[in-house]
Amino acid sequence: IIKFFNDQYMLNHFRSVLNIDQIKSFTKINLKWLKFVLSEMIKKNLIINSKGGYSLIDYRFEATKDEKNQLTSLKKIIFDSNYAPIKLEDILTKFSENPKNVTNLLYLLQNQDEIIALGDSLFLDKQMFRDIVKIIKGFFLKKTEMGVSDFKQLLDLSRKNAIPLLEYLDKQRYTKRDGNFRRKGDQLNEC
């Protein structure tokens with residue numbers, strides 16, 4: 001299994017986390033036994049359980065100079081979208097890189113907690129998201145419910161950008177949908 005991890009890192013050094021299906025496909029052993037083996041490997045400090053899969057405990061991604069420049073450029077494109085989630089297709093238009101390389105870079109930025117994926121190929125800068133949460137928290141100090149138009153006005157967003165962001169906030173429990181309105185979610189109390 002260790003060799004499999006190392007081989008996968010050689011194929012794609014961006015992806016430090018391997019999911020259990022990849023490991024199962026390689027080992028061809030039954031899932032219950034594989035989970036046992038992986039838990040033993042964790043106990044022996046060979047691997048760690050992280051973000052939807054497993055990583056070698058000592059694996060560290062080392063970006064080349066070009067990759068560092070690409071990461072900086074990509075992060076700027078996402079940051080410059082401000083509070084509006086940016087679509088993958090818009091990123092690809094602004095960032096002249098091979099699409100597979102872009103998805104690897106996006107994956108890496110997510111793993112480094114620099115950006116968040118809102119689903120449906122939408123991305124948002126993590127700091128912008130924190131700012132949005134602060135703004136919403138301030139809103140709910142004054143009012144008990146927020147409409148889509150309130151949210152749009154707070155962040156200067158179009159409806160097209162506001163809806164997926166509101167749905168993500170609902171899913172993450174920062175807000176709770178109640179008909180056409182949002183109420184303060186449990187997670188908003190945690191931050």
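**Salt bridges, a sheet and a helix**

Student: What is the relative accessibility of D113, and does D113 count as buried, partly exposed or exposed?
Tutor: The scale calls a residue buried under 20% relative accessible area, exposed over 50% and partly exposed in between, with a 1.4 Å probe and protein chains only. This is a predicted model, in which local features need pLDDT of at least 70 and side-chain atom pairs count only at pLDDT 80 or more, while totals for chains, interfaces and linings use all residues. Residues are numbered from 1 along each chain as its sequence is written, and side-chain values use heavy atoms, leaving out hydrogens and water. With a value of 39%, D113 counts as partly exposed.

Student: Which residue does D113 meet in a salt bridge, and which parts of the chain does the pair tie together?
Tutor: A salt bridge here is a side-chain nitrogen of Lys or Arg within 4 Å of a carboxyl oxygen of Asp or Glu, and the side chains of D113 and K126 meet in one at 3.1 Å, N to O. Because K126 lies in helix α7 (residues 126-142) and D113 in the loop between α6 (99-111) and β4 (115-119), the pair ties together parts that are 13 residues apart in sequence. At 18% relative accessibility, the residue that counts as buried is K126.

Student: Which element holds both E40 and K43, whose side chains meet in a salt bridge?
Tutor: Their N to O distance is 3.3 Å, and E40 is partly exposed at 25%, whereas K43 is exposed at 62%. Helices (H or I, at least four residues) and strands (E, at least two) are DSSP runs numbered from the N terminus. Three residues apart, and so separated by about one helical turn, E40 and K43 both lie in helix α3 (residues 31-43).

Student: How many salt bridges does the structure hold?
Tutor: One of them joins the side chains of D186 and R173 at 4.0 Å, N to O, linking helix α10 (residues 186-190) to the loop between α9 (159-171) and β7 (175-178). Salt bridges that share partners also join K75, E114 and D125 into one network. The structure's total is ten.

Student: In what order do the three strands of the open sheet lie?
Tutor: Two strands pair if DSSP finds at least two bridges between them, and β4 pairs with strand β5 (residues 122-125) in the antiparallel sense over four bridges. The edge strands, each pairing on one side only, are β3 (86-87) and β4. The order is therefore, as the sheet is described, β3-β5-β4.

Student: What angle does the direction of helix α4 make with that of β5?
Tutor: Helix α4 (residues 65-79) packs on the sheet and touches β3, β4 and β5, where contact means heavy atoms within 4.5 Å. Axes are lines fitted to C-alpha atoms, for helices over the stretch in contact, and angles run from 0 to 180 degrees between N-to-C directions. The angle between α4 and β5 is about 95°.

Student: Within what arc do the buried residues of α4 fall?
Tutor: The buried residues of α4 are E67, Q70, L71, L74, I77 and I78, while K65 and T72 are exposed on the other side. What covers the buried residues includes β3, α5 (88-94), α6, β4 and β5. The arc is that of the directions from the helix axis to the C-beta atoms. Seen down the axis, the buried residues line one face of α4, because they fall within an arc of 125°.
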